[in-house]
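Student: I've got a fold to get my head around before group meeting. Could you go through it with me, one piece at a time?

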Amino acid sequence: MNTEKIMARMQRTGVLAVLVVDRAEDAVPLARALLAGGVDIMELTLRTPVAVEALRRIVGEVPEMLAGMGTVLTPQQVQEVQAAGAAFGVAPGTNPRVIQAAAAAGLPFAPGVVTPTDIEHAVECGCRLLKFFPAETSGGLKHLKYMAAPFAHLNVRFIPLGGLDLTNLEKYLGDPLIQAVGGSWLAPRELIKQQAWQRITDNARQAMQLVQRVRPGGAQ
Ligand code: 3PG
């Protein structure tokens with residue numbers, strides 16, 4: 001799937017789940033629990049030894065899920081996650097070697113930005129979908145609007161992450177700069193460890209109800 005299609009899916013669904021998985025066998029039930037609540041985009045994070053295997057299982061067994069990989073910190077990891085079937089990659093920052101490796105591999109990639117300089121680096125490398133991270137502690141939507149203004153003519157879009165949950169995502173979702181909002185609140189690491197699939201489905205459903213309110217006609 002190319003960047004355009006991924007962005008269209010993000011626009012439609014409005015939220016994506018950021019996940020830290022400790023056991024590969026939790027991956028498929030976790031993906032199904034999110035889907036049952038209507039969330040069909042996830043960013044697994046490369047923060048545990050089983051992350052790539054978890055991705056592989058989801059790609060193989062839950063094709064309805066758009067599964068990307070976050071915390072991609074090296075060019076080698078770009079190769080690794082692409083080989084495992086990642087639909088897209090995400091990084092916390094703008095390491096040019098990582099972004100260029102993703103571009104060379106044809107892997108849609110959202111680097112993390114929090115300053116205008118970061119955005120310059122990212123757009124110079126050809127990115128237009130950017131992770132705004134850490135969103136809430138760096139000034140939230142107000143900071144993003146000022147920061148993004150000089151780049152508006154380039155059509156960059158953002159995924160705010162870091163400190164978002166049901167209490168604050170509405171204001172982001174309603175802004176045209178935002179492609180989708182995300183976070184770990186949908187499926188926190190502890191709930192995954194407890195295999196609390198119903199609670200994860202409930203969280204996803206609540207988030208999707210909010211998306212439908214704020215972006216009517218977007219999410220199905
Ligand atoms: C991350 O990379 O950890 C994400 O941005 C999630 O942040 P959150 O845990 O504050 O939702």
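Student: How many bridges join E2 to E3?

Tutor: Keep in mind that this is a predicted model. E2 covers 41-45 and E3 covers residues 66-70. The two strands run parallel, and the number of bridges joining them is five.

Student: Which residue of E3 does Leu-44 stand opposite?

Tutor: Getting from E2 to E3, the chain passes through H3, in a right-handed β-α-β crossover. Look along E3 for the residue facing Leu-44: that one is Met-69.

Student: Which residues of E3 point the other way from Leu-66, Gly-68 and Gly-70?

Tutor: Five of the five residues of E3 are buried, so the strand is largely enclosed by the rest of the structure. Leu-66, Gly-68 and Gly-70 share one direction, and the residues pointing the other way are Ala-67 and Met-69.

Student: Is Thr-71 buried or exposed?

Tutor: Thr-71 is found in the loop between E3 and H4. Its phi is positive, about 60°, although it is not a glycine. Most residues other than glycine have a negative phi. The relative accessible area of Thr-71 is 12%, and the cut-off is under 20%, so Thr-71 counts as buried.

Student: On to the helices. What is the angle at which H4 and H5 pack?

Tutor: H4 takes in residues 75-83 and H5 residues 96-105, with the axes 8 Å apart. The crossing is right-handed. As for the angle, it is about 35°.

Student: Which residues of H4 make that contact with H5?

Tutor: By class, the contact has six nonpolar, one polar and one charged residues. H5 brings Arg-97, Val-98, Ala-101, Ala-102 and Ala-105 to it. From H4 come Pro-75, Val-78 and Gln-82.

Student: Is Arg-97 buried or exposed?

Tutor: Arg-97 lies in helix H5, and its C-alpha atom is 17 Å from that of Met-69, 28 residues away along the chain. The relative accessible area of Arg-97 is 55%, and the cut-off is over 50%, so Arg-97 is exposed.

Student: Let's go to H2. Which elements do its buried residues pack against?

Tutor: The buried residues of H2 are Ala-27, Val-28, Leu-30, Ala-31, Ala-33 and Leu-34. The elements that the buried residues pack against are E1, E2, H3, H9 and H10.

Student: What is the hand of the crossing of H2 and H10?

Tutor: The axes of H2 (residues 27-36) and H10 (residues 197-214) come within 7 Å and cross at roughly 40°. This crossing is right-handed.

Student: Which residues of H10 make the contact with H2?

Tutor: The residues of this contact divide into eight nonpolar, one polar and one charged. On H2 they are Pro-29, Leu-30, Ala-33, Leu-34 and Ala-36. On H10 they are Trp-197, Ile-200, Thr-201, Ala-204 and Arg-205.

Student: Which residue in E8 is the bridge partner of Leu-130?

Tutor: E7 (residues 129-132) and E8 (residues 157-160) pair over four bridges. The chain goes from E7 through H7 to E8 in a right-handed β-α-β crossover. Lys-131 stands opposite Ile-159. For Leu-130, the bridge partner is Phe-158.

Student: Which residue is joined to Phe-133 by a cis peptide bond?

Tutor: Most peptide bonds are trans. Here omega is about -10°.

Student: Last one. What is the relative accessible area of Asn-155?

Tutor: Asn-155 is found in the loop between H7 and E8. Asn-155 is not a glycine, although its phi is positive, about 60°. It is partly exposed, with a relative accessible area of 40%.

Notes. Residues numbered from 1 in each chain as written. Predicted model: local features only at pLDDT ≥ 70, side-chain atom pairs only at ≥ 80, totals over all residues. Heavy atoms only, no water. Axes fitted to C-alpha atoms, helices over the stretch in contact; angles between N-to-C directions. Left-handed = near helix turned anticlockwise from the far one by under 90°. Contact = heavy atoms within 4.5 Å. Nonpolar A, V, L, I, M, F, W, Y, C, P; charged D, E, K, R; others polar. Pairing = 2+ DSSP bridges. Right-handed = clockwise from strand over helix to strand, strands pointing away. Buried < 20%, exposed > 50% of the residue type's maximum accessible area, 1.4 Å probe, protein only.
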